[in-house]
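The following report describes one structure for a reader who is new to the subject. Please keep the sequence and the three-dimensional view at hand while reading.

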Protein chains: 2
Amino acid sequence: MNSKTHNHLDIGSILSEKGISRTNFRTKLVNYFYSSNKSLSVDDILKYFNNSINKVTVYRSLVSFENNGLIHKVPDTNNLMRYSLCRKEECSPISHNHNHGHFICYSCNQTFCLEGVKYPEIISMKGFYVKEFKLTAEGYCKECYKN
Amino acid sequence: MNSKTHNHLDIGSILSEKGISRTNFRTKLVNYFYSSNKSLSVDDILKYFNNSINKVTVYRSLVSFENNGLIHKVPDTNNLMRYSLCRKEECSPISHNHNHGHFICYSCNQTFCLEGVKYPEIISMKGFYVKEFKLTAEGYCKECYKN
DNA sequence: ATAAAAAACGCAACCAAGTTGCATTTATTT
DNA sequence: AAATAAATGCAACTTGGTTGCGTTTTTTAT
């Protein structure tokens, strides 16, 4: 373990490390991402902060987090902005690597990363210059299926 | 060829066959779908009719067409409503069968059906009750790549 | 062919999600 | 600690789509 490079993983310093301004709200927001460990929509965030924070601030914070490789967009059936933490050193400010499908639950609207489901090889795509794949499955997650 | 069941494929009668009211506008709209032979957004349609038609009418017509198995939604990178004709007896009012991926061009925003790209088998989805798959590829189509 | 019923249309108003400009406050840099 | 840069909040705006309702057109039943 290198004690210099990546030892202090306390959440507060993550912002500074990524080059994001360490404001009161942003610190709490990154904390929320780490503690909830699920994808978050703007609405989730506004509710969590009891609407004490302006939605513009939320939007701008999310864009900043995304640009600095801290979070990434995940698909959502309702076409709203939804973000997940970037994990496993997959992402950087330069490029996000999310080469896996997503599952969206109709009931709880949660988005799950399907790490096991990789994209198909680029086949029978003649005539198309493919830049990006998106694979999403929709249905009910284990938790919601019970009820 | 059975002359009774499906002979008169003139576009005008398609609406009646599907149980959709045969109004002036709807006849022109289904004609536009058949003649352009590509996916259409609400904006495409409004422009085609030089904004002489009310957008509400467009939205309601599209919903009606969809409910009667004439057209189906296709994905769009800009998250707007976009529709394609249902072809090859794939669709009915009861169920739409579009078990294939789609390609969306960044440049012309056109959505293409990738008939050759079927969805992966339901694998490694443990804990998820999958109802629907969506596979989209994005990039540049042949036409736009040239320029 | 026509009257009654049903569906489509257009308008205006509305809604939700997200964006922009600008003045103020808070962080960061030096 | 002062200068600079970035974040915040407010209000106003934009885009894409929806709803209610009175009027017109289409369909159905006679």
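## A residue between two chains

A:Glu138 touches A:Thr77, A:Phe103, A:Ile104, A:Tyr106, B:Tyr129, B:Val130, B:Lys131, B:Glu132 and B:Lys134, not counting residues up to four places away in sequence; contact here means heavy atoms within 4.5 Å. The model is predicted: local features need pLDDT of at least 70, side-chain atom pairs count only at pLDDT 80 or more, and totals for chains, interfaces and linings use all residues. Residues are numbered from 1 along each chain as its sequence is written, chains are lettered from A and ligands numbered from 1 in the order in which they are written, and side-chain values use heavy atoms, with hydrogens and water left out.

A:Glu138 belongs to strand 6 of chain A. Helices (H or I, at least four residues) and strands (E, at least two) are DSSP runs, numbered from the N terminus. Because its relative accessibility is 4%, A:Glu138 counts as buried. Buried means under 20% relative accessible area, exposed over 50%, and partly exposed in between (1.4 Å probe, protein chains only).

The side chain of A:Glu138 also takes part in polar contacts. A polar contact is a pair of N or O atoms within 3.5 Å; within protein, one must be able to donate a hydrogen and the other to accept it, and residues adjacent in sequence count only if both atoms are side-chain atoms. One such contact, of 3.3 Å, is with the side chain of A:Tyr106, and another, of 3.0 Å, is with the side chain of B:Lys134.

A:Ala137 is likewise found in strand 6 of chain A, which covers residues 128–141. A:Ala137 is classed as buried because its relative accessibility is 1%.

Which residues touch the most other members of the largest nonpolar core? They are A:Ile45 and A:Leu70, in a core of 21 residues. A nonpolar core is a set of buried Ala, Val, Leu, Ile, Met, Phe, Trp, Tyr and Cys residues joined through side-chain atoms within 4.5 Å. In chain A, helix 1 (11–18), helix 2 (24–36), helix 3 (42–48), helix 4 (55–67) and strand 3 (82–85) each supply at least two residues of this core. Helix 2 of chain A gives the most, with five residues. Not counting residues up to four places away in sequence, A:Ile45 touches A:Phe25, A:Leu29, A:Tyr32, A:Leu40, A:Val58 and A:Leu62.

In helix 1 of chain A, the residues A:Gly12, A:Ser13, A:Ile14 and A:Leu15 are buried. The buried residues of this helix pack against helix 2 and helix 4 of chain A. After helix 1 of chain A comes A:Gly19, with a positive phi near 80 degrees.

Chain A also has an open sheet of three strands in the order 1-3-2, with antiparallel pairing. Two strands pair if DSSP finds at least two bridges between them. Strand 1 (40–41) and strand 2 (71–73) of chain A are the edge strands, each pairing on one side only. Strand 2 and strand 3 of chain A are joined in the antiparallel sense over three bridges. A:Ile71 has A:Leu85, in strand 3 of chain A, as its bridge partner.

A residue is near a molecule or strand if one of its heavy atoms lies within 4 Å of it. Of the 18 residues around DNA strand C, A:Tyr59, A:Met81, B:Thr23, B:Arg26 and B:Arg60 come nearest. Sugar and phosphate make up 63% of the atoms of DNA strand C that come within 4 Å of the protein. Around DNA strand D there are 20 residues, of which A:Thr23, A:Arg60, B:Arg22, B:Lys55 and B:Met81 come nearest. Of the atoms of DNA strand D within 4 Å of the protein, 63% belong to sugar or phosphate and the rest to bases.

| Residue | DNA atom | Distance |
|---|---|---|
| A:Arg60 | base oxygen, DNA strand C | 3.4 Å |
| B:Arg26 | phosphate oxygen, DNA strand C | 2.7 Å |
| B:Arg60 | base oxygen, DNA strand C | 2.5 Å |
| A:Thr23 | phosphate oxygen, DNA strand D | 2.7 Å |
| A:Arg60 | base oxygen, DNA strand D | 2.5 Å |

B:Met81 places a backbone N or O atom 2.5 Å from a phosphate oxygen of DNA strand D.
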